[in-house]
Amino acid sequence: MRIVIAFRQSGYQNFKTYYIHFIYRYLTNKFPELVSSPRMLKLMQGGLVLVPLYSYLSHRQARLTGIAFVDSSTLRVCYNLRIFRYQVFKGTVK
C-alpha cells in the first residue's frame, strides 16, 4: 500500500520502472520482504491494493465548496510573427 501511494506521488510514468529503479535501489532496507516486480503487479491487479488506495485518494481530495474559478488570462506565444505564416489547418476550420 505504501509503495503504491509513493508511486502516485512520484514523477515516474510507469510502476515497473519505479519499482525497479527506486524501490529496489533505495528502499530494500525499509521493506525487507520485498516481492519481485511481476508479483507486485499481480497483487495490485488482484484488488488487494485498490480499496485502500481509493480510500486514501478520496481522503486527500479537496472538499467541494460549489465555487469555481476560471482563469481567462492570455497565454503568451513565442514568436508571434509566425502566427500568420503557418497554414497547417487552413481550410479545415470554418
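Let's start with phenylalanine 31, which counts as partly exposed because its relative accessibility is 24%, while buried would mean under 20%. Keep in mind that this is a predicted model. Phenylalanine 31 sits in the loop between H2 and H3. Leaving aside residues up to four places away in sequence, phenylalanine 31 touches Arg2 and Ile3. Phenylalanine 31 and isoleucine 3 are 28 residues apart in sequence, yet their C-alpha atoms lie 9.5 Å apart in space.

Now let's look at helix H2. Residues 15–26 form this helix, 12 residues in all. From first C-alpha to last, H2 reaches 15 Å, close to the 16 Å expected at 1.5 Å a residue. Which residues of H2 are buried? They are Phe15, Tyr18, Tyr19 and Ile23. These four cover an arc of only 95° around the axis, so they are on the same side of H2. An α-helix has 3.6 residues a turn, so residues three or four places apart point the same way.

| Helix | Residues |
|---|---|
| H1 | 2–9 |
| H2 | 15–26 |
| H3 | 37–45 |

What do the buried residues of H2 pack against? Their partners are helix H1 and helix H3.

This leads us to the largest nonpolar core, which has 11 residues. Among them are Ile3, Phe7, Phe15, Tyr18, Met40 and Leu53. H1, H2 and H3 are the elements that give two or more residues to this core. In soluble globular proteins, nonpolar side chains tend to be buried together.

Conventions. Residues numbered from 1 in each chain as written. Predicted model: local features only at pLDDT ≥ 70, side-chain atom pairs only at ≥ 80, totals over all residues. Heavy atoms only, no water. Expected span 1.5 Å × (residues − 1). Buried < 20%, exposed > 50% of the residue type's maximum accessible area, 1.4 Å probe, protein only. Arc of directions from axis to C-beta. Contact = heavy atoms within 4.5 Å. Core = buried A, V, L, I, M, F, W, Y, C linked by side-chain atoms within 4.5 Å.
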